[in-house]
Amino acid sequence: MEPKRVLVTLPVEESHVDRLKQSAPGWEFRFRGSDRLFSGTDLERPPVTREDVAWAQVILGNVPAQMLSGSSELLWLQTNSAGVEPYLQPGVLGKTTLLTNATGAYGLAIAEHLLGMLLELFKKLELYRDAQKQGAWQSLGQVRAVYGATVLVLGMGDIGGEFGKRCKALGAKVIGVRRSPRACPDYADEVHTLEDLDSLLPRADVVAVTLPGTQATAGLLSRERIARMKEGAVLLNVGRGTIVDTEALCDALESGRLGGAGVDVTDPEPLPPEHRLWRLPTAVVTPHVSGFYHLKETHERIVDIMVENLKRFQAGEPLKNQVDFSTGYRKLT
């Protein structure tokens with residue numbers, strides 16, 4: 001394959017630059033800034049421009065979708081995110097442009113974030129934190145265990161699968177929900193499709209949402225479905241805020257019908273400072289930070305995916321994590 005022009009907007013360190021260049025010898029690379037690592041180890045780079053995007057035949061990393069419109073030279077976009085919703089809109093990418101995502105990089109970080117929120121809610125640590133601020137030395141009553149709980153995981157990809165494994169290891173019954181029928185993995189007790197969701201919700205002590213934001217998942221956990229959840233159940237969401245009816249969730253928490261909620265994504269997002277969800281005592285809210293580069297290992301895994309796919313692209317081989325534009329999901333292999 002002839003040498004290509006590669007634009008890298010992923011935050012990089014010197015070792016990453018070397019690995020990326022070595023995976024495609026002779027190709028021309030531009031390293032531009034898009035977002036920054038919190039560790040301060042990212043190399044100083046000029047910001048990405050429309051000229052950079054127009055120049056590129058391959059882009060490694062996320063760029064604003066509006067910069068891509070009409071980019072006739074672009075052969076392949078590899079995102080540093082698992083979600084690719086902005087790039088699926090009509091006119092953003094050319095009909096022959098390949099789109100791959102970073103599925104597989106985030107499971108460790110986000111599954112542990114989910115588990116942390118679940119344990120916080122089951123052990124009432126969010127309430128004890130509030131009591132600590134008041135200097136209140138008192139018991140807040142009974143707590144719950146993951147052991148013996150029924151955990152319903154909506155989305156059985158990298159993130160949902162890693163969370164399911166951790167819950168199973170703690171003694172939970174794990175029920176998975178995926179968009180198409182597939183074999184039951186060893187960490188799950190049952191696997192269903194979304195058609196069974198209404199009958200599954202009343203069984204679950206925990207409902208964990210790890211689904212991407214697509215037309216099919218928008219409004220999936222509506223007011224009616226939240227009402228179907230078991231009394232006292234906990235809802236966790238690290239997928240997209242648009243999947244859950246925020247006001248219905250707040251009502252269920254305020255009434256005490258749900259035992260708690262842990263959300264890393266919200267609708268609207270960012271969550272306005274005056275929104276009541278911030279102040280509900282049984283809500284744990286984090287500002288969409290479970291993924292990104294907060295865990296160093298996530299950053300390394302993203303680079304690993306890009307290096308592997310560069311080698312495959314250069315060799316004319318099928319790419320990992322290629323996205324199906326019709327569904328917004330990674331293509332099944």
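Trainee: What makes Asp 245 the cap of the N-terminal end of H9?
Mentor: A side-chain oxygen of Asp 245 lies 3.2 Å from the backbone nitrogen of Glu 247. A polar contact is a pair of N or O atoms within 3.5 Å; within protein, one must be able to donate a hydrogen and the other to accept it, and residues adjacent in sequence count only if both atoms are side-chain atoms. At the other end, H9 is followed by Gly 256, with a positive phi near 85 degrees.

Trainee: What should I know about the model before reading on?
Mentor: This is a predicted model, in which local features need pLDDT of at least 70 and side-chain atom pairs count only at pLDDT 80 or more, while totals for chains, interfaces and linings use all residues. Residues are numbered from 1 along each chain as its sequence is written, and side-chain values use heavy atoms, with hydrogens and water left out.

Trainee: Which residues of H9 are buried, and what does H9 pack against?
Mentor: H9 covers residues 246–255, and its buried residues are Thr 246, Ala 248, Leu 249, Cys 250, Ala 252 and Leu 253. They pack against helix H8 (223–228) and strands E10 (234–237), E11 (260–263) and E12 (283–285). Helices (H or I, at least four residues) and strands (E, at least two) are DSSP runs, numbered from the N terminus.

Trainee: Why is Val 263 called buried?
Mentor: Val 263 has a relative accessible area of 5%, and buried means under 20% (exposed is over 50%, partly exposed in between, with a 1.4 Å probe and protein chains only). Therefore Val 263 counts as buried. Val 263 belongs to strand E11, and its contacts (heavy atoms within 4.5 Å) beyond four places in sequence include Leu 249, Asn 237 and Val 284. Val 263 and Val 284 are 21 residues apart in sequence and 6.3 Å apart in space, C-alpha to C-alpha.

Trainee: How do you know that both faces of E10 are covered?
Mentor: Val 234 and Leu 236 on one side, and Leu 235 and Asn 237 on the other, are all buried. In a regular strand the side chains alternate between the two faces of the sheet.

Trainee: What makes E9 and E10 a pair?
Mentor: Two strands pair if DSSP finds at least two bridges between them. E9 and E10 have four, in the parallel sense, so they qualify as a pair. Val 206 stands opposite Val 234 in E10.

Trainee: How many cavities of 30 Å³ or more does the search find?
Mentor: One. On a 1 Å grid over the protein atoms alone, a cavity is a set of points where a 1.4 Å probe fits but cannot get out, and a pocket is an open set with protein on both sides within 12 Å along at least five of seven lines; lining residues have an atom within 4 Å of a point. The largest cavity has a volume of about 60 Å³, and its lining includes Leu 235, Asn 237, Thr 246, Leu 249 and Val 263. E10 and H9 are the elements that give two or more residues to that lining.

Trainee: Why is Thr 214 called buried?
Mentor: Its relative accessible area is 14%, so Thr 214 falls within the buried class. Thr 214 is found in the loop between strand E9 (206–209) and H8, and is in contact with Thr 327 and Tyr 329, leaving aside neighbours within four places in sequence.

Methods
Points joined across faces, edges and corners; volume = space filled by probe spheres on them.
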